[in-house]
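User: I would like to go through the charged side-chain pairs in this protein. Could we take them one at a time?
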Amino acid sequence: MNCLDRGLYFLLIIFEYYSFYYVILGVRRFRKLNRKTYLALSGIVITMVLLINFAGAIFLYMPAMIYSYLLILLIMDIKKKRLLENIFLSFSLNSLLELVLLRIIRMLGFEDKNISYLFCGVITAAIIWLFYFLKVRKLDREIFVVEGKVNIMFSLMFLLFVAMFSLLSAFLSHIGTEKNVLTSNLVAVLGGFLLIVADFYLLYIFNERTKVEFEKRLAVQFNNQQKEYFERLLEKENDTRQYRHDMIAQLVQVKYFIDEGEYKEADSFLTGMLKSITSISEYNYDVGNEIVNTMLNYYLPPVKKEGCEIELKGYLPEDLKMESRDLCILVSNVLKNAIEAVMQLKKEKRKIRITLDSGKIFWKINVVNSTNNTDYMVTTKKDKENHGFGLNNIRNVVEKYKGKCNVELNKGIFSIDIAMKY
């Protein structure tokens, strides 16, 4: 390979892995670049040029793969943990696809290894993007994403598939003769494609089942929240009836104090009556939408009892052109994130402001809360492996309905603005 071919090969590998993370793993948001990022990118480019000029072609693949991960981490909105978790998954799936394509290219009579590698890189990237435009962009963008231990299990299994295909290819090449070389090549290619299809099928089925289980849990959670909400409404209704029943007697007592000139006693008695009225009505949130009401009345009263100052204003209609499940995910995660943040503060600093707006084209939710976090992507919960995904869940719902989500964190104030079309 000459220098130009090595450079092209290096860039194709980087583009392959970028394509994999964008298309298959759904990493489709870019970071805001700052001076440090530009300096890091400059350093990467300089070392890339040196490698391309002085390293042999055989030593380029691993450095190119490492550089692709560094570039993805710098320019894409992805956590280091998620990037590291998917290294072996991306390597195994890309390697399997490349091995199958190299077998096909050599079947077609391309003996030059350099040309074969270049063709392989171009075709691999083309297949990934063809898959995106034909199928993936219509699916949930995280349909092939698995987390934690499950990711490790799938990665090891796919690496085993790569080893199986390599052994199959070597075996067929060993037993092949001039007469059956075409047959052995076809068997190897067919076996490779079946393994690739099996990879994606297993990921898809696992995530679909996980999604169904999640929806069941969410339905149970929502039903429990609704039950608790209606129980609270019933309790308030009973309190209201009891208060109405005692109202005449209390008014008679107030009139007696006034007639007797006992104005301080009358004032004290009225103050007690007002406190009773306030305790009946203070936790009953009604913004016009049943699901939003359920979420507000489930999450806000407990935190308000803990001394959090809550301000709620606005209205949302019943029909928001969104599935109940998605609306539940959106609102509950917004509220839980705010509550999680304020509960880390002292009582006097706990503040949540919720503003709802029902415009002609968009309906909007704005939540502002105090916080001591310096990074809104980091959870403060103890179970970090199973939490901290609230913002991702919100963004997934917003992207599904082609809405807008803007997040800001400035001087101890966190703000999230969500705008969704009817």
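User: Which side chain meets D77 in a salt bridge?
Analyst: This is a predicted model. In it, the side chain of D77 forms a salt bridge with that of R395, at 3.4 Å from N to O.

User: Where do D77 and R395 lie in the chain?
Analyst: The two belong to distant parts of the chain, 318 residues apart. D77 is in the loop between α3 (61–75) and α4 (80–85), whereas R395 is in helix α12 (residues 390–400).

User: Is R395 buried or exposed?
Analyst: R395 counts as buried because its relative accessibility is 11%, under the 20% cut-off. D77 is partly exposed, with a relative accessible area of 25%.

User: Which residues are linked with D77 and R395 in a network?
Analyst: R29 and E399 join D77 and R395 in a network of salt bridges.

User: Changing topic: what does K255 pair with?
Analyst: K255 forms a salt bridge with D259, with an N to O distance of 2.9 Å. Both residues are in helix α8 (residues 181–259) and are 4 residues apart, so about one helical turn separates them.

User: Is D259 buried or exposed?
Analyst: D259 counts as exposed, at 52% relative accessibility. K255 is also exposed, at 52%.

User: And what about R325, which residue is its partner?
Analyst: R325 forms a salt bridge with D326, and their closest N and O atoms are 2.8 Å apart. D326 is buried, with a relative accessible area of 2%, while R325 is partly exposed at 22%.

User: How many salt bridges does the structure hold?
Analyst: The structure holds 7 salt bridges.

Conventions
Residues numbered from 1 in each chain as written. Predicted model: local features only at pLDDT ≥ 70, side-chain atom pairs only at ≥ 80, totals over all residues. Heavy atoms only, no water. Salt bridge = Lys/Arg side-chain N within 4 Å of Asp/Glu carboxyl O. Buried < 20%, exposed > 50% of the residue type's maximum accessible area, 1.4 Å probe, protein only.
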